[in-house]
Amino acid sequence: MGEAPKEDKKRVQLAVFDYDGTCIDGQSGALFSLYLFRHNYLGVATGLRLGWWGARYKLHLPYRQDEAREVIFSALSRYSPEEIRQIMVDFHNEVLIKRYRKEAIAEVAKRKREGCVTVLVSATFEVIALCAQEVLGTDAVIATKMEVDPEGNYTGRVEGDVTQGSEKPRAVKEWADGAFGPGNWEVAYAYGDHFSDYAMLKTAKHGYAVTPGQTLERAAKREGFPILEWK
């Protein structure tokens with residue numbers, strides 16, 4: 001008798017979660033800028049520049065993702081890397097900790113019980129995302145990294161690309177290929193609130209629009225993405 005065919009190896013199931021507007025109520029970037037301004041880390045001119053960037057983002061006008069991050073780190077350049085990281089941790093613990101959606105925490109736990117590998121995928125700074133990981137309980141974090149020089153000092157530039165829009169599924173693929181091997185995983189579930197998350201939702205077997213803005217809501221209805229209203 002011939003050897004029985006081997007069963008196909010079951011692929012790792014990923015559940016990927018956006019952060020801003022999905023897991024928390026609000027946008028961490030805008031809130032961080034306001035926090036820095038109120039604590040005198042930013043001057044008026046820098047605050048206005050960041051405000052103009054935020055307006056362009058909301059109105060879908062031309063903007064560069066790296067710009068806001070570079071402006072913030074330029075303003076913080078007088079501080080050591082350890083002090084900058086502590087500022088971000090303090091911001092998370094003072095401002096963002098109150099904004100987590102209980103539904104998001106429950107959904108992460110649910111997908112983990114089902115056997116999914118849960119991943120937080122966000123344009124926010126990696127230090128903030130690592131704080132979020134402790135609250136949400138995700139298995140991994142993919143977020144925006146800031147470049148450091150050989151001495152460990154921040155250069156003020158983004159390392160690679162901001163984890164936003166079409167960069168999210170590319171970053172997930174790069175991470176998952178490295179963790180599990182090409183072809184050994186798939187995105188089973190994806191959650192996002194903004195139209196910039198559309199590309200990530202499209203890659204998933206099950207995409208969910210969480211308290212979506214109007215543009216994503218229209219796309220969700222067109223694509224058949226369930227809409228979740230998380231408070």
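Modeller: Happy to. In this predicted model, Ser28, Leu31, Phe32, Tyr35 and Leu36 of helix H1 meet Ile87, Met88, Asp90, Phe91 and Glu94 of helix H4. By class, that contact has seven nonpolar, one polar and two charged residues. H1 covers residues 28–38, and its axis lies 11 Å from that of H4, at an angle of about 110°. An angle of 65 to 115 degrees counts as roughly perpendicular, so that is how H1 and H4 stand to each other.

Now follow H4 to its other partner. H4 (residues 81–94) and helix H6 (residues 126–136) have axes that come within 9 Å and cross at roughly 40°. H4 is therefore oblique to H6, and their crossing is right-handed. On the H4 side the contact is made by Arg85, Met88, Val89, Phe91 and His92, and on the H6 side by Val127, Ile128, Cys131, Ala132 and Val135. Sorted by class, the residues of this contact are eight nonpolar, one polar and one charged. Met88 and Phe91 take part in the contact with H1 and also in the one with H6.

What covers them? Just after H6 comes glycine 137, with a positive phi of about 80°.

The core has 47 residues, of which Tyr19, Phe32, Leu36 and Leu120 touch the most other members. You have already met Phe32 and Leu36, on the H1 side of the contact with H4. Leu120, leaving aside residues up to four places away in sequence, touches Phe17, Asp18, Tyr19, Cys23, Ala129, Ala132, Leu136, Thr138, Ala140, Val141 and Ile142. Another core, of 22 residues, lies apart from this one; Leu14, Val117, Val119 and Ala219 are among its members.

Asp197 sits in the loop between strand S5 (185–192) and helix H8 (198–203). Is Asp197 buried or exposed? Its relative accessible area is 1%, so it counts as buried.

Note on methods
Residues numbered from 1 in each chain as written. Predicted model: local features only at pLDDT ≥ 70, side-chain atom pairs only at ≥ 80, totals over all residues. Heavy atoms only, no water. Core = buried A, V, L, I, M, F, W, Y, C linked by side-chain atoms within 4.5 Å. Buried < 20%, exposed > 50% of the residue type's maximum accessible area, 1.4 Å probe, protein only. Contact = heavy atoms within 4.5 Å. Helix = DSSP H or I, 4+ residues; strand = E, 2+ residues; numbered from the N terminus. Axes fitted to C-alpha atoms, helices over the stretch in contact; angles between N-to-C directions. Parallel < 35°, antiparallel > 145°, perpendicular 65-115°, else oblique. Left-handed = near helix turned anticlockwise from the far one by under 90°. Nonpolar A, V, L, I, M, F, W, Y, C, P; charged D, E, K, R; others polar.
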